[in-house]
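The stops below are meant to be selected in turn.

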Amino acid sequence: MVLKFLSNSPVCHISTNTYPQLPQPSVITVACNQNFAVNRWNTNFQGSLHSTHYAETPQATQQNPYPLLMDPLLVTNTAGCRRHLGDNFSEHVQMRYNSFVTTVDSQFLLACGFWDNSFRVFSTETGII
């Protein structure tokens, strides 16, 4: 399975919260262009990504045979609805994997490296600070 941003920006952070106790396990990705995505874990996934069996069986015709459900905002590429961290990161800080952390329930994304030496907390559902 290949997952990438439509802008073709490289992913600089990824965090997975797939605990079975969570109501919606997910994988949060942040790209270098400050967009982030919430990809939901497919709890109905049964199988192997390396399967070479192509027979027409009920499993082969599943609606979504992948372990992740891609963020719908990535699929539609709607500019007004994208999850964006803003453009006010400091030019003196290189955006890296350790600039971000997500809460264990994937409800919030914390980002550091802003021009005013602050960190910000973003809602993963709305993208708002």
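**Before selecting anything**

This is a predicted model, in which local features need pLDDT of at least 70 and side-chain atom pairs count only at pLDDT 80 or more, while totals for chains, interfaces and linings use all residues. Residues are numbered from 1 along each chain as its sequence is written, and side-chain values use heavy atoms, with hydrogens and water left out.

**Stop 1: the whole chain**

Colour by secondary structure. The chain has one helix and seven strands, in the order β-β-β-β-α-β-β-β from the N terminus. Helices (H or I, at least four residues) and strands (E, at least two) are DSSP runs, numbered from the N terminus.

Now show the surface. Of the 129 residues, 34% count as buried. Buried means under 20% relative accessible area, exposed over 50%, and partly exposed in between (1.4 Å probe, protein chains only).

Among contacts (heavy atoms within 4.5 Å) between residues at least 6 apart in sequence, 48% join residues at least 24 apart.

**Stop 2: the four-stranded sheet**

Select β1 to β4. These four strands form an open antiparallel sheet in the order β1-β2-β3-β4. β1 (11-17) and β4 (68-69) are the edge strands, each pairing on one side only. Two strands pair if DSSP finds at least two bridges between them.

Zoom in on β2 (residues 26-31) and β3 (residues 36-41), which run antiparallel and are joined by five bridges. Show the side chains of V30 and F36: V30 stands opposite F36 in β3. Further along, I28 has V38 in β3 as its bridge partner. The two strands form a hairpin with four residues between them, and Q34 in the turn has a positive phi of about 70 degrees.

How much of β3 is covered? Five of its six residues are buried. On to β4: β3 pairs with β4 in the antiparallel sense over two bridges, and W41 stands opposite L68 in β4.

**Stop 3: the three-stranded sheet**

Select β5 to β7. They form an open sheet in the order β5-β6-β7, again with antiparallel pairing. β5 and β7 (119-123) stand at the edges with a single partner strand each, so one side of each is left without a neighbour in the sheet. Neighbouring strands of this sheet are turned by 20 degrees against each other on average, direction ignored; the axes are lines fitted to C-alpha atoms (for helices over the stretch in contact), and angles run from 0 to 180 degrees between N-to-C directions.

β6 (residues 108-112) and β7 pair over five bridges. Select C112 to find it opposite F119 in β7.

**Stop 4: L85**

Select L85, in the loop between α1 (72-76) and β5 (100-102). Is L85 buried or exposed? L85 counts as buried because its relative accessibility is 3%.

Which residues does L85 touch, not counting residues up to four places away in sequence? They are V30, Q34, F36, F100, L109, F114 and F122. V30 and F36 are the facing pair from Stop 2, and Q34 is the turn residue with the positive phi.

L85 and I129 are 44 residues apart along the chain, and their C-alpha atoms are separated by 8.6 Å.
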